[in-house]
Amino acid sequence: MATREGTLQIAKKKVPLIPLLSILCFISIFFLLSQFKSTSTSHHSLPTFQIEKHEYHRGSCDYSDGTWIHDPSRTPRYDNTCKEIFKGWNCLSAHKSNAPHLSTWRWQPRLCDLPQFDPAEFLRTHTHTNIGFVGDSLNRNMFVSLFCSLKSVSDGQIKKWRPAGADRGFTFLAYNLTIAYHRTNLLARFGSWSATDKRGALETLGFREGYRVDVDVPDTTWAQALSFHNILIFNTGHWWWAPSKFDPVKSPMLFFNKGQPVIPPLRPDQGLDMVLKHMIPYMEEKARLGALKFFRTQSPRHFEGGDWDQGGSCQRDRPLSIEQVEELFSEKNNGTNVETRLVNKHLYKALKGSSFIILDITHLSEFRADAHPASAGGKKHDDCMHWCLPGITDTWNDLFIELLKSKYQG
Ligand SMILES: *[C@@H]1O[C@H](CO)[C@@H](O)[C@H](O)[C@H]1NC(C)=O
Ligand SMILES: *[C@@H]1O[C@H](CO)[C@@H](O)[C@H](O)[C@H]1NC(C)=O
């Protein structure tokens, strides 16, 4: 939707300038509109998908619309010996009972296929390339999946280092391919804040402690990533609904713009909008020429019977049914994991009209209540937020790479 409207606006702006151009624009608008009309009525004509692909920055179909199919012949690209797998996500080593079966499920989009990407081919076709994952631990989970997939087939040495402020990164030297993870929870810079000036705007309103979030300042961990990477995958979401750190009373998020507190103070969801409003244009402006920028949608949590700190757990051993998914995630039900789709609304609004490719992994992941570490995560509470590896972020990478290919072709 975003890009279609963007295109129309640009076309309209040009209309008064040159008559010939305006005629061409109108013709193309009518052409596009007629194509979109036929999209909504017929899902079977191939040319329509071509237009859709171009306009929506997607592959040849809606990959988020599908089902999980059990396929016992399917095997993961790597195993539990990949050292980069964080201990709490290594469900095979932790003997989570269904861990060996997680990858025997295959995501089947309704109107096309999503093949497992071929890591050897990926290495061959992505020489002299830098790929950066920028975001929270869920993006690290996806980064580790890509690393382990590539490592399982790569010849030659891998250099471990921290490019451009990254938390961790690797160069596959034989291919000059670098992949890195830049850790940032909110995208914007934040740090603890406490009252200093009795007459300060926040102090006057009664604030004593909290976290200062500078909506217009990128975290130092990724500010340099934009001039380094050719391909970037961003995310943010989980920390905006994480009262464990940002307690609305004891340690609220306090938003600052241009160095001054935003008054009246914003709720976290309003702060998220403001951060995205500043960070997305920053990313667009600072990215390398020709860089491909992805924004990943929110990864769903699956706490049942309470939130993470209320004894909630995720003990499923197979994917949920569509009814169970709606029960758990519909906004109407306002359940424990309701933030998943709410975060996406904020993301979609902010990305509208941008050049970002949306990596929509939300709905396909919503089914996979079985794929979290749960009690095998080795924490006091169940981990129903991160994903076992090998596991579902392997499918995220399949989708990422499928979309990449469609960009090269289109
Ligand atoms: C490796 O790739 C980077 C990123 O494209 C490039 O800047 C650099 O020159 C390459 N190095 C070699 C030795 O080819
Ligand atoms: C949703 O649930 C939470 C906690 O259970 C509650 O605080 C909030 O008011 C509810 N929101 C709506 C819109 O019903």
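## Terms and model

A residue counts as buried if 20 or more other C-beta atoms lie within 10 Å of its own, as exposed if 12 or fewer do, and as partly exposed in between, with C-beta atoms placed from the backbone. Helices (H or I, at least four residues) and strands (E, at least two) are DSSP runs numbered from the N terminus.

The model is predicted: local features need pLDDT of at least 70, side-chain atom pairs count only at pLDDT 80 or more, and totals for chains, interfaces and linings use all residues. Residues are numbered from 1 along each chain as its sequence is written, and chains are lettered from A and ligands numbered from 1 in the order in which they are written.

## Confidence

pLDDT is the predictor's confidence in each residue, from 0 to 100. Its mean over the protein chain is 88, and 85% of the residues reach 70 or more. It stays under 50 over residues 1-21 and again over residues 23-59. Beyond four places in sequence, the model has 18 contacts for residues 1-21 and 34 for residues 23-59; a contact requires C-beta atoms, placed from the backbone, within 7 Å.

## Helix α11

Helix α11 covers residues 339-351, 13 residues in total. From first C-alpha to last it reaches 18 Å, close to the expected 18 Å, which is 1.5 Å times one less than the number of residues.

E339, T340, V343, L347 and A350 are buried in α11. They lie on the same side of the helix because they cover an arc of only 105 degrees around its axis, taken from the directions from the axis to the C-beta atoms. These buried residues pack against α9 (268-286), β12 (292-296), α10 (322-329) and α12 (362-366). K345 and K349 are exposed, on the face turned away from the buried side of α11. Just after the helix, G353 has a positive phi of about 80 degrees.

## The sheet and its helices

Seven strands form an open sheet with mixed pairing, in the order β4-β5-β6-β3-β9-β12-β13; two strands pair if DSSP finds at least two bridges between them. F133 has Y181 in β6 as its bridge partner.

Helix α5 (137-151) packs on the sheet, touching β3, β4, β5 (168-172), β6, β9 (231-234) and β12, and its direction makes about 150 degrees with that of β3. Helix α13 (392-409) also packs on the sheet, touching β9, β12 and β13, at about 160 degrees to the direction of β13. Axes are lines fitted to C-alpha atoms, for helices over the stretch in contact, and angles run from 0 to 180 degrees between N-to-C directions.

Definitions and conventions. Two residues are in contact if their C-beta atoms, placed from the backbone, lie within 7 Å.
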